[in-house]
Amino acid sequence: MSTLPKIAWIGLGIMGSPMSENLLKAGYDVTGFTLEQDKLDRLAAAGGTAAASIAEAVRDADVVITMVPASPQVEAIAYGPDGILANARSGALLIDMSSITPGTSVDLAKAAADQGLRVLDAPVSGGEAGAVEAVLSIMVGGEQADFDQAKPIFEALGRTIVLCGPHGSGQTVKAANQLIVAVNIQACAEAVVFLEKSGVDLAAALDVLNGGLAGSTVLTRKKANFLNRDFRPGFRIDLHHKDMGIVTDAARDVGAALPVGAVVAQLVAALRAQGDGGLDHSALLRAVERLSGARV
Ligand code: NAD
């Protein structure tokens, strides 16, 4: 019988599936719930337990982890008679790893405290590959004691794990992360079109660029996407559009100007309006190609 905390995992998508499997590999008992039957089957095949509802998944859990698309989904799974707050054990720790607005995280922490539950916001960076390889960066907001309790769980999922401040702080740092990633992808996409139009060997150029100051995790992780025009997600443009909205709003609230971020937010929105929302965010290359009259 495992002495590790029992985990409930809600949201077994591109990120949640490999992350929950890493907890199973680390010896945790994981019961999951998500909307797609094939993802529940995948959890069961990996040694977890598929639940028929959120209530069933969280009832006996010591720790409830959520990984769903955005604030409305977090609110849908947390609140109401069928939600986490109404059905989790008093004293359980709720760790929301979705990328959502900082305000939603702060409100959730308050509502959960009224039910005797503790909450951490713990969004991640590193993409699908980072989730599979358990090397995510995890940016956490909440109380130190709760962070200390969750640390072994985080260590099974990621490599860089930092408590950034009170509730909502993890989300604020994640918003900054998404700003940096989007601007970086856009710069890489512009360089790709420029290099190809100039007749340079693109693979050779990206290799040498990645060894210098222009190098980045974006370039390392997305190089093959650019070279092969392989835009299967990964991280969907729809989700990055959501994140550009979060960072733009949060920056306006505190009076921080994001001039380049605002332009890239518009390019992400345009790509989505053109029907590319389901593609990986490396598809920003398609927007630059359209603007440049290059192949799409
Ligand atoms: P996804 O769309 O692949 O998965 C989301 C999952 O949430 C789905 O399996 C869906 O069934 C589940 N879900 C939605 N509503 C639900 C509900 N009411 N009840 C139960 N389950 C529900 O998304 P993803 O790419 O895994 O992203 C999840 C979160 O992680 C997002 O906030 C995203 O911004 C963030 N994120 C994603 C990446 C990435 O590279 N994909 C990287 C870092 C952070």
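Colleague: Which residues come nearest to the ligand?

Modeller: Ile14, Met15, Glu36, Pro69 and Lys242, out of 26 residues around the ligand. A residue counts as near if one of its heavy atoms lies within 4 Å. This is a predicted model: local features need pLDDT of at least 70, side-chain atom pairs count only at pLDDT 80 or more, and totals for chains, interfaces and linings use all residues. Residues are numbered from 1 along each chain as its sequence is written, and side-chain values use heavy atoms, with hydrogens and water left out.

Colleague: What lies 2.9 Å from an oxygen atom of the ligand?

Modeller: A polar side-chain atom of Thr34. Arg236 also has a side-chain N or O atom 2.9 Å from a ligand oxygen. Pro69 uses a backbone N or O atom, at 2.7 Å from an oxygen of the ligand. The protein covers 91% of the 840 Å² of accessible area that the ligand has on its own (Shrake-Rupley method, 1.4 Å probe).

Colleague: Which elements give two or more residues to the shell?

Modeller: α4 (71–78), α7 (127–132) and α12 (237–254). Helices are DSSP runs of H or I with at least four residues, strands are E runs of at least two, and both are numbered from the N terminus.

Colleague: Why does the ligand lie between the domains?

Modeller: Because domain 1 (7–167) and domain 2 (172–291) both give residues to its shell. The bounds come from an automatic or database domain assignment.

Colleague: New topic. Which residues of α11 are buried?

Modeller: In α11 (residues 217–228), Val218, Leu219, Lys222, Asn225 and Phe226. Buried means under 20% relative accessible area, exposed over 50%, partly exposed in between (1.4 Å probe, protein chains only). Down the helix axis, the buried residues of α11 fall within an arc of 130°, so they line one face. The arc is that of the directions from the axis to the C-beta atoms. On the other side, Thr220 and Asn228 are exposed.

Colleague: And the backbone: where is the cis peptide bond?

Modeller: From Pro233 to Gly234, with omega near 10°. Gly234 is in the loop between α11 and α12. Most peptide bonds are trans, and most residues other than glycine have a negative phi.

Colleague: Which residue in that loop has a positive phi of about 50°?

Modeller: Arg229, although it is not a glycine. Arg229 is buried, with a relative accessible area of 18%. Ala134 has a positive phi too, about 55°. Ala134 sits in the loop between α7 and β8 (136–141).

Terms used: A polar contact is a pair of N or O atoms within 3.5 Å; within protein, one must be able to donate a hydrogen and the other to accept it, and residues adjacent in sequence count only if both atoms are side-chain atoms.
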